[in-house]
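Subject: Structure handover

Hello,

Here is the structure for you to look through. Some notes on what was found in it follow below.

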Amino acid sequence: MSERRFHHPATPYLFLAPAAGLLGVFFLGAVVQVVYFSCTRYTAFTGPDWVGLDNYRRLFASERFWLCLGNSALYLLVTPALMIASLGAAMVVDAKLPASRALRLLLFLPVVTPTVVASLAWKGLFNEDTGLLNVWLAWGGLAPVRWLSEHPWTLVSAMTVTLWKGFGFYMMVFLAGLLAVPKELKEAAAIDGAGRLRTFLAVVLPSLTPALALVFVVSSVSALKVFDEIFVMIKGAPITQQTAVPLLYRIAFEEGDYGMASALGVAIFACILAFSAVNLRLTRGGKGSEADA
Amino acid sequence: MIDRRPIWLTLFIVCCALLFALLAVGPAVWLLVIAVQPAGTDLSSATGGLTLDNFKAAWRDGQMGRPLLNSVLTTVVRAGLNVMLAALAAYPLARMRFRGKNLIFLALLCTMMIPEQVILVPMFRIVVGLSLYDSLIAAVLPFGVTAFGIYLCRQAFLAVPASLEEAARVDGAGSVRIWWHVMLPLAAPTLATLALFSVIGAWSDLLWPLIVLQSQENFTLPVAVTSLMGQFSTNLRAAYAGAVLALVPIIIIFILLQRFLKPEMFGGAVKG
């Protein structure tokens with residue numbers, strides 16, 4: 001940019017100050033603090049007193065940490081389901097049906113629905129005695145499933161809420177991708193005699209690769225951060241059936257062990273960063289590697 | 001398209017469309033069904049008769065009036081702050097040259113990578129340190145601006161032709177006036193989209209308000225609904241009625257603002 005400087009030298013900083021102040025204190029400052037707290041004995045009543053890596057030692061020695069982390073890993077299975085559902089929805093909306101605009105809005109309604117509301121609605125459907133799902137299973141002569149109390153069904157029911165609430169959002173990402181596919185390419189493929197399936201596989205899908213990569217990374221990171229669905233759906237279940245962030249909430253705000261909770265926060269952050277780094281690597285290196293997901 | 005779609009394919013797509021629509025709306029309808037049934041009826045049958053008792057119970061026992069007001073207040077303030085602060089910060093990042101610009105932009109992108117969930121403890125301690133615990137200000141302040149919002153606004157400002165800005169300079173307008181009279185109006189669609197996203201996010205937020213709000217008179221709707229679930233395990237239906245109360249306003253707002261929701265907005269910038 002070569003514009004001349006018309007403004008007072010302090011002007012840009014004044015424009016930036018409110019936002020930088022808030023983000024600096026509550027995010028950058030908090031990240032430094034969480035690392036410090038994780039190395040201290042710090043409870044609701046005492047501390048913080050430096051204890052080195054003691055919190056990490058205790059954390060890694062505790063069974064519930066590994067169980068919750070394992071559950072978080074299981075929760076990542078929601079990502080492929082989300083990708084299939086949202087790509088499918090995007091293709092249906094993109095098919096130029098008469099009411100496709102209305103359908104697009106309708107499919108976005110779950111995204112707008114507060115997670116607490118969505119979780120309660122599904123909790124009604126998953127209710128073990130009276131919920132629609134078990135009633136249907138009974139009609140089919142099948143035994144009821146303990147959706148809200150038995151591992152891993154508890155995770156399946158929470159993941160259903162995540163899927164329901166999320167697919168409309170990622171559908172928009174795929175729609176943006178589909179709209180960006182050049183018409184000439186599709187026409188050229190059709191002229192060359194390619195059928196619909198061929199055109200989709202050879203022309204549309206490759207140009208969706210950036211969208212697929214984006215949805216893959218964003219949805220799996222938010223799966224690792226899940227809290228609301230778990231909190232509402234299976235609050236009553238033992239913590240060992242829940243995931244990493246609910247465990248952090250339990251340790252920090254019910255047990256009051258801030259040091260330990262900070263160590264867990266750092267551990268979750270490390271997992272998320274490692275996961276997104278590997279993801280970015282894979283999606284940059286092997287193009288279309290997750291296209292079949 | 002030149003070639004016609006075969007009829008079986010159109011039928012298949014219509015079936016998929018109906019299925020998706022049913023899945024999207026079904027659970028919300030089910031919520032309403034549960035909320036208007038009298039207590040004690042079988043949850044699986046929709047034939048138990050109609051009642052508004054659950055709404056009365058939610059209003060009386062959960063004192064839903066107050067959470068409704070609190071949710072409206074925190075959502076409006078948070079969305080307003082989000083748009084204003086992001087637009088302020090984005091202007092110099094898009095249009096001015098100054099020392100440390102790249103460093104500041106990099107730091108911003110870094111905060112986009114930090115999930116609030118992992119820094120809950122220090123965020124909570126900061127709020128307590130500022131004597132803001134159990135106040136609506138605490139529920140809003142840390143999320144008064146997001147790096148995502150700044151990024152979005154910067155993209156919009158970058159697209160504004162420089163000639164417009166120069167013309168305003170020649171006419172003697174200062175930076176604030178240019179920001180207000182030139183940049184903001186031209187970036188209005190982006191600002192509206194950002195406002196819509198902020199409203200949706202703020203209205204739905206559970207984890208942070210759950211941590212910093214303690215007394216019932218400060219609860220927002222999601223917190224009040226979850227507390228109803230715990231309080232009235234015998235009459236869960238009051239919680240369902242509360243959930244309906246939390247759902248209706250946001251759907252109305254969404255329908256009013258839906259024209260700012262375009263797929264293109266999701267192309268490059270997606271919140272991480």
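In helix 1 of chain B, the buried residues are Leu9(B), Ile13(B), Ala17(B), Phe20(B), Ala21(B), Ala24(B), Pro27(B), Trp30(B), Leu31(B), Ile34(B) and Ala35(B). Please keep in mind that this is a predicted model. The helix covers residues 7-35 of chain B, 29 residues in total. From first C-alpha to last, helix 1 of chain B reaches 42 Å, close to the 42 Å expected at 1.5 Å a residue. There is a bend of about 35 degrees in this helix at Gly26(B), with a proline, Pro27(B), following within four residues.

Next, the contact between the chains. Chain A contributes 89 residues and chain B contributes 98 residues. About 8400 Å² is buried between chain A and chain B, and carbon and sulfur atoms give 79% of that area. On the chain A side, helix 1 (residues 11-37) gives the most to the part that touches chain B, with 18 residues. Between the two chains there are zero salt bridges, while eight residue pairs are in polar contact, both residues being at pLDDT 80 or more.

One residue of chain A is also worth a look. Ser220(A) sits in helix 11 of chain A, which spans residues 209-224. Its relative accessible area is 1%, so Ser220(A) counts as buried, the cut-off being under 20%. A polar atom of the Ser220(A) side chain lies 2.5 Å from the backbone oxygen of Phe216(A). Leaving aside neighbours within four places in sequence, Ser220(A) is in contact with Leu76(A), Thr79(A), Val215(A), Phe275(A) and Asn279(A).

Regards

Note on methods
Residues numbered from 1 in each chain as written. Chains lettered and ligands numbered in written order. Predicted model: local features only at pLDDT ≥ 70, side-chain atom pairs only at ≥ 80, totals over all residues. Heavy atoms only, no water. Helix = DSSP H or I, 4+ residues; strand = E, 2+ residues; numbered from the N terminus. Expected span 1.5 Å × (residues − 1). Bend = angle between axes of the 7 residues up to and from the residue. Buried < 20%, exposed > 50% of the residue type's maximum accessible area, 1.4 Å probe, protein only. Contact = heavy atoms within 4.5 Å. Buried area = accessible area lost by both parts, 1.4 Å probe. Salt bridge = Lys/Arg side-chain N within 4 Å of Asp/Glu carboxyl O. Polar contact = N/O pair within 3.5 Å; in protein donor to acceptor, adjacent residues only side chain to side chain.
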